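Open the model in your viewer and keep the selection panel handy.

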Amino acid sequence: MTRAINFSAGPALLPEEVLRQAADEMLDWHGSGMGVMEMSHRGKEFIKIHAEAEADLKELMAIPANYKVLFLQGGAIAENAIVPMNMLRGHGVADYINTGEWSKKSIKEAGKYCKVNVAASSEDRAFTYIPPRDSWKLSADAAYVHICSNETIGGLEYHWVPDTGSVPLVADMSSHIMSRPVDVAKYGLIYAGAQKNIGPAGLTLVIVRDDLIGKALPITPSAFDYKQQAESDSMLNTPPTYAIYIAGLVFKWLKKQGGLAQIERHNIAKAALLYDYLDQSAFFGSPVAKADRSRMNVPFKLKDESLDGAFLKGAEERGMVQLKGHRAVGGMRASIYNAMPLEGVRQLVQYMKEFEARHA
Ligand SMILES: *Cc1c(COP(=O)(O)O)cnc(C)c1O
């Protein structure tokens with residue numbers, strides 16, 4: 001068996017140890033005689049898996065006691081609707097910061113439920129920077145301020161937490177959650193699809209301050225009402241049990257790596273290796289403003305686009321897959337989530353050097 005060096009933006013690579021453990025436990029979880037996929041979500045075995053996953057997540061992210069952790073479904077795209085349904089709380093307007101493709105989707109969807117004020121945007125420079133906080137034009141009575149804290153497609157990341165005063169800050173953290181420590185108390189709500197940095201597609205994580213829930217719009221489906229889900233331990237409907245189990249194994253793997261502060265150091269080193277190379281190259285380049293570059297998703301371009309195909313083909317020959325950039329921005333993109341070892345990035349940079357030497 002040969003494992004690819006997988007730069008997919010999502011669903012993305014998982015730690016090999018986690019996959020091996022899941023394979024070992026596929027037919028019989030801990031002597032229960034059942035695989036996790038076959039268990040009742042209300043049985044004692046799965047209740048334990050669920051509770052441990054939640055406890056490990058709370059520990060890793062140091063989630064304060066006044067926050068609810070929900071394991072839901074629908075992905076971040078469903079949250080684009082579920083967030084306003086739950087979080088408007090009688091307000092008519094919500095503020096959104098537009099930093100790229102994922103922000104644009106959030107803005108469009110929220111517009112079905114409320115007035116959306118786009119308080120700042122970096123569209124003027126093709127979403128290559130994060131608008132500084134002092135340029136934001138926030139509304140007087142916003143229900144919340146929404147950001148996409150890591151733009152997976154454009155490769156932008158907030159390396160600071162915006163101060164929104166008493167207005168709750170809401171963040172789509174799908175593609176960098178658990179890549180670094182976060183001060184959860186600075187957010188009203190954090191949401192993330194699991195398939196970038198946590199586990200399989202199908203699980204959506206919501207972390208919400210408990211005083212903000214309980215005022216969902218009457219049209220809100222019960223399965224998407226945070227209060228109802230919080231009261232039933234995310235089991236109002238059948239949760240995505242297997243995805244929760246794998247996420248739980250990933251949380252245990254993260255604890256073994258030394259937690260989020262340690263994984264952040266590792267992520268800084270991986271990103272620096274790639275960006276440092278891009279910055280000294282006359283052949284490749286990064287379009288993103290230095291201060292706002294994502295550590296997880298690194299878009300880059302060949303100065304001569306006619307070589308894109310040859311670059312991708314040579315990468316595949318070396319076992320490096322999923323490097324093609326998103327169609328919205330073109331070029332290349334290397335997604336280097338928590339599970340990507342430094343060695344994977346080193347091999348990519350080595351290949352880029354060789355390719356540059358051959359074609360420059
Ligand atoms: C991948 C991604 C999404 C979409 O998630 P779905 O699971 O397809 O709903 C939304 N936001 C961000 C930032 C993403 O990276």
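## Stop one: two loops

Begin by selecting Ala62, which sits in the loop between α2 (44–61) and β2 (67–72). Keep in mind that this is a predicted model. Check the backbone angles of Ala62: its phi is near 50 degrees, a positive value in a residue other than glycine.

Next, go to the loop between β1 (5–6) and α1 (16–24), where you will find Pro11. Show the backbone here, and look at the bond that joins Gly10 and Pro11: this peptide bond is cis, with omega at about -10 degrees.

## Stop two: the ligand

Which residues come nearest to the ligand? Of the 13 around it, they are Ile77, Thr152, Asp172, Gln195 and Lys196. Sorted by class, this shell has four nonpolar, seven polar and two charged residues.

- Thr152: an N or O atom in its side chain is 2.4 Å from an oxygen atom of the ligand.
- Lys196: an N or O atom in its side chain is 2.5 Å from an oxygen atom of the ligand.
- Ala76: here a polar backbone atom is 3.1 Å from an oxygen atom of the ligand.

How much of the ligand does the protein bury? Taken alone, the ligand exposes 390 Å², and the protein buries 86% of that.

## Stop three: the cavities

For the largest cavity, select Leu13, Pro15, Asn197, Ile198 and Ala339, which lie nearest its centre among the 16 residues that line it. The volume of this cavity is about 80 Å³. Its lining has eleven nonpolar, four polar and one charged residues.

To end the tour, select Phe71, Leu72, Gln73, Ala223, Phe224, Gln229, Ser234, Asn237 and Pro239, which line the second largest cavity. This one has a volume of about 40 Å³. What classes of residue make up its lining? Five are nonpolar and four are polar, with no charged residues.

Terms used:
Residues are numbered from 1 along each chain as its sequence is written. This is a predicted model: local features need pLDDT of at least 70, side-chain atom pairs count only at pLDDT 80 or more; totals for chains, interfaces and linings use all residues. Side-chain values use heavy atoms; hydrogens and water are left out. On a 1 Å grid over the protein atoms alone, a cavity is a set of points where a 1.4 Å probe fits but cannot get out, and a pocket is an open set with protein on both sides within 12 Å along at least five of seven lines; lining residues have an atom within 4 Å of a point. Grid points are joined across faces, edges and corners, and a volume is the space filled by probe spheres set on the points. Ala, Val, Leu, Ile, Met, Phe, Trp, Tyr, Cys and Pro count as nonpolar, Asp, Glu, Lys and Arg as charged, and the others, Gly among them, as polar. A residue is near a molecule or strand if one of its heavy atoms lies within 4 Å of it. A polar contact is a pair of N or O atoms within 3.5 Å; within protein, one must be able to donate a hydrogen and the other to accept it, and residues adjacent in sequence count only if both atoms are side-chain atoms. Accessible areas come from the Shrake-Rupley method with a 1.4 Å probe; for residues, only the protein chains shown count as cover. Helices (H or I, at least four residues) and strands (E, at least two) are DSSP runs, numbered from the N terminus.
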